[in-house]
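Please look over this structure before reading on. The numbered points below are meant for someone meeting it for the first time.

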Amino acid sequence: MKSCGVQQLKAPFYVQFEVTDKCNNRCFFCYNEKACTSGDELSCDEIKRVLDELKVAGVFSVNLNGGEPLMRDDFFEIMEYASYLGFDLHLNTNGTLIDDYAAKRIARCMRSICTSILHSDRDFHDKATGRKGSYDDVIRGIKYLVKNGVQVEVNVCTSKQNYKDIYSIAKLSADIGCYALCSTRYILNHKDNLDLLMDKQSTIELVDALIKAKNDFSGLHSVTLPGPVPFCELPMEYHAKLASLNIPCQFGYGLCRISATGNVTPCTISDDLIGDLRKDSFENIWNSDKWSKYRKLEHLPSNCKLCDDLSFCHGGYVVYDQSILSCNVCVNTKKWCEADVQ
């Protein structure tokens, strides 16, 4: 067997910091089904302490997300403190609470934000978010951000319901001044939603549409798959296209997630608890031996570790497969064989 593994960074390059679980939308695909906190959220002072620890540890980039971060009354205090510390700062938001005042404050602290348009059709988008009016709210929020010089990336949770609309979403995004478009394939959050999962043919169509959008809309400086598709899932002739779209997953060794209650896990979808920031320092948690399985790529199936494309593919989007397997459903790609599925 090939010797494979990755070197864990001295500190994660990128930390996803969930400052709240609360949200004003009820998106069908959300992994936080109740859209409310599952415990006592970190206070503003606790968040500032953690940010101090991240700075000392050498973290470069912090992404404030949730839930919906702007649901916190003290969000701007948190954002401005993080900016004062000098982080490369980003925000994930549904965009619906952003007015001109909020956009101006955000513009002082960060160059870019990520929001979501789920369909170019107003009614479809509203149904997907579980709230009537959310489409108009996010379009208005995006326009305020663009007006104030913030680069807006649109992330589309892409499922069997809306993948055929991705080109239209790209056109809409370009028309209202968005900087980038990305597509994250729907991650199974309940076994009753199996019919929403992208299959091989729909993923091929998605990739073709993203490449077309990349070529057609010069205003979109970036078109990507941040939830990378493993090379073995598509025919050989699509590997170069995937290489141009995929953002390799740094699950467990180059990034980590901090939950709203201070738990540290490999990413937002993973429930592998590495540590609790109310009980231990970030530096101690990051240096914990619990990360070793990710450095050694033990979280990947054996077929991935034997594959010549591993250095380019990185196994695709780890939690995408894990979410399917956790529902006792077989993942029908070369990376998995019967012996690998427990």
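What follows is a short tour of selected helices, loops and residues.

1. Ground rules. This is a predicted model, in which local features need pLDDT of at least 70 and side-chain atom pairs count only at pLDDT 80 or more, while totals for chains, interfaces and linings use all residues. Residues are numbered from 1 along each chain as its sequence is written, and side-chain values use heavy atoms, with hydrogens and water left out.

2. Helix α3, the buried face. Helix α3 spans residues 100-109, and its buried residues are Ala102, Ala103, Arg105, Ile106 and Cys109. Seen down the axis, these buried residues fall within an arc of 165°, so they line one face of the helix. Buried means under 20% relative accessible area, exposed over 50%, and partly exposed in between, with a 1.4 Å probe and protein chains only. The arc is that of the directions from the helix axis to the C-beta atoms. An α-helix has 3.6 residues a turn, so residues three or four places apart point the same way. Helices (H or I, at least four residues) and strands (E, at least two) are DSSP runs, numbered from the N terminus.

3. Helix α3, its surroundings. The cover over the buried residues of α3 includes α2 (75-84), β3 (88-92), β4 (112-115) and α5. On the other side of α3, Tyr101 and Arg108 are exposed. At the start of the helix, a side-chain oxygen of Asp99 comes to within 3.3 Å of the backbone nitrogen of Tyr101.

4. Arg105. What does the side chain of Arg105 join in a polar contact of 2.8 Å? The partner is the side chain of Glu80. A polar contact is a pair of N or O atoms within 3.5 Å; within protein, one must be able to donate a hydrogen and the other to accept it, and residues adjacent in sequence count only if both atoms are side-chain atoms. Arg105 has 17% relative accessibility, so it counts as buried. Leaving aside neighbours within four places in sequence, Arg105 is in contact with Phe76, Met79 and Glu80. Contact means heavy atoms within 4.5 Å.

5. Helices α4 and α5. Helix α4 (residues 122-129) packs on helix α5 (residues 134-147) at an angle of about 100°, with the axes 7 Å apart. The two are therefore roughly perpendicular, the word for angles of 65 to 115 degrees. Axes are lines fitted to C-alpha atoms, for helices over the stretch in contact, and angles run from 0 to 180 degrees between N-to-C directions. From α4 come Arg122, His125, Asp126 and Thr129; they meet Ser134, Tyr135, Asp136 and Val138 of α5.

6. Asn24. This residue sits in the loop between β1 (14-18) and α1 (44-57). Its side chain makes a polar contact of 2.9 Å with the side chain of Asn94. Another polar contact, also 2.9 Å, joins the side chains of Asn24 and Thr96. Leaving aside neighbours within four places in sequence, the residues in contact with Asn24 include Glu68, Met71 and Arg131.

7. Backbone points to check. A cis peptide bond joins Gly66 and Gly67, with omega about 15°. Gly67 lies in the loop between β2 (61-65) and α2. Leu297 has a positive phi of about 60°, although it is not a glycine. Leu297 is in the loop between α10 (292-295) and α11 (302-305). Its relative accessibility is 8%, so Leu297 counts as buried.

Technical notes: Parallel < 35°, antiparallel > 145°, perpendicular 65-115°, else oblique.
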